[in-house]
Amino acid sequence: MTAKTFYLETFGCQMNAHDSEKVVGTLLARGYTQVETPEAAELVLYNTCSIRDKAEQKVFHRLQQFKRAGKGKVFGVLGCVAQQEGEKIFDKAPHVSLVAGSASYTKLPEMLVQLEAGARRVTGLSLDTEETFDTPFTRRDNPHRAYITIIEGCDKSCAYCVVPFTRGPERSRTSASVLAESRQLAELGYTEIQLLGQNVNSYRDPSPAGWDFATLLTRVGEIQGIRRVRFTTSHPRDFGKSIVDAIDENPRLCNHVHLPVQSGSDRMLGAMQRLYTRDQYMRRIEWLKNSPRNISITTDIIVGFPGETEADFLQTLDLLDQVQYDSLFSFKYSSRPNTAALAMGDHIPEEEKTRRLTILQERQRAIQIQRNSETIGAVQEVHVEGRNPSLGQWIGRTSQNRTLNFTCADENGESLIGKYLPVRVTRAGPNSLAGESAANML
Ligand code: SF4
């Protein structure tokens with residue numbers, strides 16, 4: 001059958017969200033039309049995440065719903081679960097016709113041809129591709145902020161992580177192609193760029209220029225029309241001082257760094273194979289804290305990793321107190337296939353993991369209340385991202401990546417979305433700030 005309408009649901013990280021933008025662009029260029037519900041679509045795609053068990057279960061649950069009701073539709077599983085489970089997906093969900101991991105998306109047009117010709121089992125599971133998934137057809141979801149993948153895959157082997165298995169080894173894009181895409185986006189009116197990769201710090205320009213990440217960051221920040229550059233995510237082992245120096249020198253590079261630590265205990269960092277000690281991590285924090293830019297710092301934490309004792313956990317709480325993160329993502333450990341941690345078992349009871357997670361989140365909440373309240377009275381520039389009509393507020397984001405909702409007395413009914421405005425912070429909660437436009441005060 002020829003499927004010409006499609007529905008795509010995305011799970012997981014920003015890399016997946018951006019991959020989906022490229023998949024959508026590729027499908028539209030082949031004449032497909034995107035629809036809002038799976039019911040209305042002939043081709044139903046799930047771009048999946050397998051970083052946690054829960055995320056993986058979700059996609060099988062979705063597929064299950066259509067086991068009978070999906071007659072006449074073509075189903076495809078993309079992304080990490082596809083790479084991890086491979087052809088086993090056909091056994092678990094026989095109504096699926098396409099299974100493709102992200103390293104094979106360059107072959108998506110050929111896979112679509114096969115599906116359109118009526119093929120029942122199409123796979124793209126090779127990880128040995130040298131190419132990165134650059135497509136001129138990327139359909140971007142946001143008209144002002146654009147994601148650009150600079151490096152795909154990961155060469156680290158953190159004991160809990162499936163990414164090296166699902167996204168393959170590191171492949172960096174040439175600096176020329178990253179700069180060309182950035183310039184093109186600036187010409188189209190994008191003002192904010194977010195550079196993406198599982199570990200952007202290990203970016204290495206494969207062309208003779210041989211730029212490292214700090215150089216690439218600086219050059220993207222120099223492009224005419226680009227007002228903000230962000231990047232995610234960093235690995236502490238590869239996070240060099242030159243990145244902080246680049247931020248110091250160019251205000252267009254946002255003063256926010258996400259530096260995942262995962263644990264405050266050296267014993268746990270060793271078991272997780274994170275390749276740095278707490279002291280080495282704290283050195284990087286010092287660089288960031290000593291910057292004149294007032295860089296906000298956020299992180300990721302895993303609780304309940306195999307072997308984590310109460311003492312290890314207390315060291316993580318102590319790290320929170322020491323660093324004073326502006327925000328964090330916290331997770332309970334869940335074992336994943338293929339990973340080194342699988343052999344360590346998963347002995348910590350679920351209730352204990354929940355207890356640690358709750359304590360951690362409460363501690364962090366108190367820190368955020370304090371950190372955010374320190375901004376009251378300050379004027380911060382926001383990039384306006386949306387409007388909350390019920391509250392009569394605009395939704396802005398600061399360079400430090402805080403949400404700052406604000407009112408504007410003289411907006412004259414015109415949309416402020418996409419604009420950069422100074423806003424005075426008047427109130428602060430644990431997760432966001434509120435304020436008033438300060439445009440007339442400057
Ligand atoms: S650095 Fe570690 S956690 Fe991050 S993607 Fe690579 S293996 Fe996974």
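Reader: Which strand does strand 7 pair with, and in what sense?
Author: Strand 7 pairs with strand 10 (residues 192-196) in the parallel sense, over 5 bridges. Two strands count as paired if DSSP finds at least two bridges between them, and helices (H or I, at least four residues) and strands (E, at least two) are DSSP runs numbered from the N terminus. This is a predicted model, where local features need pLDDT of at least 70, side-chain atom pairs count only at pLDDT 80 or more, and totals for chains, interfaces and linings use all residues. Residues are numbered from 1 along each chain as its sequence is written, and side-chain values use heavy atoms, with hydrogens and water left out.

Reader: What's the bridge partner of R145 in strand 10?
Author: That's E192.

Reader: How many residues of strand 7 are buried?
Author: In strand 7 (residues 145-149), 5 of its 5 residues are buried. Buried means under 20% relative accessible area, exposed over 50%, and partly exposed in between (1.4 Å probe, protein chains only).

Reader: And which residues sit on each side?
Author: R145, Y147 and T149 are on one side, A146 and I148 on the other, and both faces are covered. In a regular strand the side chains alternate between the two faces of the sheet.

Reader: Back to R145. Which side chain does R145 meet in a salt bridge with E385's strand in the picture, and how far apart in sequence are the parts?
Author: The side chains of R145 and E385 meet at 2.8 Å, N to O. E385 lies in strand 15 (residues 379-388) and R145 in strand 7, so the pair ties together parts 240 residues apart in sequence. A salt bridge here is a side-chain nitrogen of Lys or Arg within 4 Å of a carboxyl oxygen of Asp or Glu. R145 is buried at 18% relative accessible area, while E385 is partly exposed at 29%.

Reader: Which residues are in that salt bridge network?
Author: R145, E192, R230, E385 and R397 are linked in it.

Reader: How many salt bridges does the structure hold?
Author: It holds 33. One of them joins K22 and E152 at 4.0 Å, N to O. K22 is in helix 1 (residues 14-29) and E152 in strand 8 (residues 151-152), 130 residues apart.

Reader: Is K22 buried or exposed?
Author: K22 counts as buried, at 3% relative accessibility. E152 is buried too, at 6%.

Reader: Switching topic: what surrounds the ligand?
Author: C154, K156, C158, Y160, C161, V163, P164, Q198, H235 and R274 do, where near means a heavy atom within 4 Å.
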